[in-house]
Amino acid sequence: MQTRPETLTELAPGLMRILAPNPSPMTYWGTNTYVLGEGTERVLIDPGPDLAAHRAAVLAALPADTRISQILVTHAHLDHSAGAAALSEATDAPILAFGTAAAGRSAHMAALSDTLGGGEGVDSAFVPDIALPHGTLLDTPAGPIEALHTPGHMGNHLCFAWRGAVFSGDLIMGWSSSLISPPDGDAEAFRQSCALLLRLTPDRLHPGHGDPVETPRARIEFLLDHRAEREAQILAALAQGPMDLMAVTRAVYTDLPPTHLPAAARNTLAHLVEMTRQKRLIAQPKIGINAVFSVP
């Protein structure tokens, strides 16, 4: 891990990043909260975890006589959305997001939700004040911001396009690939959301964790190639014979310590679900965390 940056960083004129004190193997050096604008009213993206110290740092970063007018949330994971309610209460700013934690799931993921486990870090109590459908163009004090529904990491995930850049939440990060944990995560949706960002051709990505991504196309294409390589590894492993989820995970993630295998298994499961739906694999007795997978 790189040296942790300062809590407050001015990334560009009209763009501040306030780093939450919640570092971990899943959050890198912590969650990035962004404040946009240069006038007396500012827009905030991702309030982060419900930590009083982080909330105080956000409010302290605002110049005198400046207020937050809108709180935008990329997705309902506790490290991104849990701080929204208290910050809204402190500022009277409404909370805007795609929807609740279950919003945006595909029909097949909703149907499989009882058999897939998952739910890591989900902010099940999250309810925005205003729902933002895909393509909503917000007229904000910081200028126009477009909400882009980009499921993959989570069904209710939004990216926000602003001034040629995109705030990419946990969909695209520079330091790590995204966790795709069904039923909230969806490998097929991840590819589609990546394709959407490629068509948009942003000049920079501001992720939910880590530094800005200065070469978005190269990074997105790398992550898509990485997913394709994982699929090839899964097929090669299952060519040796039927396996359950953990056996496939151990065969594919050969360089991980045992403590990291449960998280890796969630990514593996996302691929297994997608490949079974594509009829490239068979799941017995049915798709789920206890299924045995094989090639046709």
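Reader: What strands does helix α3 (residues 84-91) lie across, and at what angle does it run to β5?

Author: Helix α3 lies across β4, β5 and β6 (95-97), and it runs at about 150° to β5. Contact here means heavy atoms within 4.5 Å. Axes are lines fitted to C-alpha atoms, for helices over the stretch in contact, and angles run from 0 to 180 degrees between N-to-C directions. This is a predicted model, in which local features need pLDDT of at least 70 and side-chain atom pairs count only at pLDDT 80 or more, while totals for chains, interfaces and linings use all residues. Residues are numbered from 1 along each chain as its sequence is written, and side-chain values use heavy atoms, with hydrogens and water left out.

Reader: What makes β5 largely enclosed by the rest of the structure?

Author: Five of the six residues of β5 are buried, and therefore the strand is largely enclosed. Buried means under 20% relative accessible area, exposed over 50% and partly exposed in between (1.4 Å probe, protein chains only). Strand β5 runs parallel to β4, to which five bridges join it; I45 stands opposite L72 in β5.

Reader: Why are β1 and β7 (130-131) said to stand at the edges?

Author: The open sheet has seven strands in the order β1-β2-β3-β4-β5-β6-β7, with mixed pairing. β1 and β7 each have a single partner strand, so one side of each is left without a neighbour in the sheet. Two strands pair if DSSP finds at least two bridges between them. For β1 and β2 there are four bridges, in the antiparallel sense, and therefore the pair meets that criterion. L8 stands opposite I18 in β2.

Reader: How do you know that the buried residues of α1 are on the same side?

Author: In α1 (residues 52-61), H54, V58 and A61 are buried. They cover an arc of only 70° around the axis, which puts them on the same side of α1; the arc is that of the directions from the helix axis to the C-beta atoms. On the other side, A52, A53 and A60 are exposed. The buried residues pack against β1 (8-12), β2 (15-19), β3 (32-36), β4 (41-45) and β5 (67-72).

Reader: What makes α6 roughly perpendicular to α8?

Author: Helix α6 (residues 216-238) packs on α8 at an angle of about 80°, with the axes 10 Å apart. That angle makes α6 roughly perpendicular to α8. The contact includes R227 and E231 of α6, and H271 and E274 of α8; its residues divide into five nonpolar, three polar and four charged.

Notes
Helix = DSSP H or I, 4+ residues; strand = E, 2+ residues; numbered from the N terminus. Parallel < 35°, antiparallel > 145°, perpendicular 65-115°, else oblique. Nonpolar A, V, L, I, M, F, W, Y, C, P; charged D, E, K, R; others polar.
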